Amino acid sequence: MTPKHEKQEFVTVLVRDPRIQKEDSWHSYIDYEIFIHTNSICFTRKTSCVRRRYREFVWLRQRLQSNAVLIQLPELPSKTPFFNMNNPNHVDHRRQGLQEFLEKILQDALLLSDSRLHLFLQTQLSPEDMEACVSGQTKYSVADAILSFASLNRRFPIEDEEEKKGKNDADSDSESSSSGLGPSDDSISCGCKASPASEES
């Protein structure tokens, strides 16, 4: 008998690097980098990095809740009128709350099956574009969107090593970028793009 060497699945999520983004001369907001590293078969890419703002987390929670009505979703850090984006304690408290939210979400198999969650974590699509993609109103599939975003934002040596081992996967990744999903014009910051500006922090 040969012993079974099963790899235990893991998903590491980090919410980090809060940055103030200027919307216009009057409005600013903070976005956060979401870094994912996983060996889970649920994910199209094993390593990814996107930037999201609080408002997009609110959208994600609402969509997940409407699709999984029997599940009590974790709460987001509360939105307070006293939040000051120039106060490092306020910003870090919110960052920690957003990370705890995602950590809990990623432990639920039903929520992991929601395509919106994967688009949120592994692409820079806006909520409107994510909805369009999930409902089949785009030329590209959910997997195409994720793979195309990844090919535009290559910066992970771990992923490069994994792709050398599985050359077939790397070939299919590069072909998928011709899916009609072009780069967005969001600003690029260290491999992650800032999401489109709107009013709330």
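1. A term to settle before we start: a residue counts as buried when its relative accessible area is under 20%. Please also keep in mind that this is a predicted model. With that cut-off, helix α4 is mostly covered, since 7 of its 8 residues are buried. The buried ones are R116, L117, H118, L119, F120, L121 and Q122.

2. Now a step back to the whole chain. Its secondary structure comes to 8 helices and 5 strands. Reading from the N terminus, the elements follow the order β-β-β-α-α-α-α-α-α-α-α-β-β. The chain has 201 residues, of which 45% count as buried. Among contacts with a separation of 6 or more, 64% come from residues 24 or more positions apart.

3. Back to α4, and to how this helix begins. The N-terminal end of α4 is capped by D114. A side-chain oxygen of D114 lies 2.8 Å from the backbone nitrogen of R116, and R116 is itself one of the buried residues of the helix.

4. How do α4 and α5 lie relative to one another: parallel, antiparallel, perpendicular or oblique? Helix α4 covers residues 115-122 and helix α5 covers residues 127-134. Their axes come within 10 Å and cross at roughly 135°. Angles over 145 degrees would count as roughly antiparallel and 65 to 115 as roughly perpendicular, so α4 is oblique to α5. The crossing of α4 past α5 is right-handed.

5. Which residues make the contact between these two helices? From α4 come S115, R116, L119 and F120, and from α5 come M130, E131, C133 and V134. By type, the residues of this contact divide into 5 nonpolar, 1 polar and 2 charged. A reminder that helps when looking at such a list: an α-helix has 3.6 residues a turn, so residues three or four places apart point the same way.

6. My last point concerns T123, which sits in the loop between α4 and α5. Is T123 buried or exposed? Its relative accessible area is 2%, and the cut-off is 20%, so T123 is buried. The side chain of T123 reaches the backbone oxygen of L119 at 2.7 Å, and L119 is also among the α4 residues that meet α5. Setting aside neighbours within four places in sequence, T123 is in contact with V50, R52, H118, A145, I146 and F149.

How values were computed. Residues numbered from 1 in each chain as written. Predicted model: local features only at pLDDT ≥ 70, side-chain atom pairs only at ≥ 80, totals over all residues. Heavy atoms only, no water. Axes fitted to C-alpha atoms, helices over the stretch in contact; angles between N-to-C directions. Helix = DSSP H or I, 4+ residues; strand = E, 2+ residues; numbered from the N terminus. Parallel < 35°, antiparallel > 145°, perpendicular 65-115°, else oblique. Left-handed = near helix turned anticlockwise from the far one by under 90°. Contact = heavy atoms within 4.5 Å. Nonpolar A, V, L, I, M, F, W, Y, C, P; charged D, E, K, R; others polar. Buried < 20%, exposed > 50% of the residue type's maximum accessible area, 1.4 Å probe, protein only. Polar contact = N/O pair within 3.5 Å; in protein donor to acceptor, adjacent residues only side chain to side chain.
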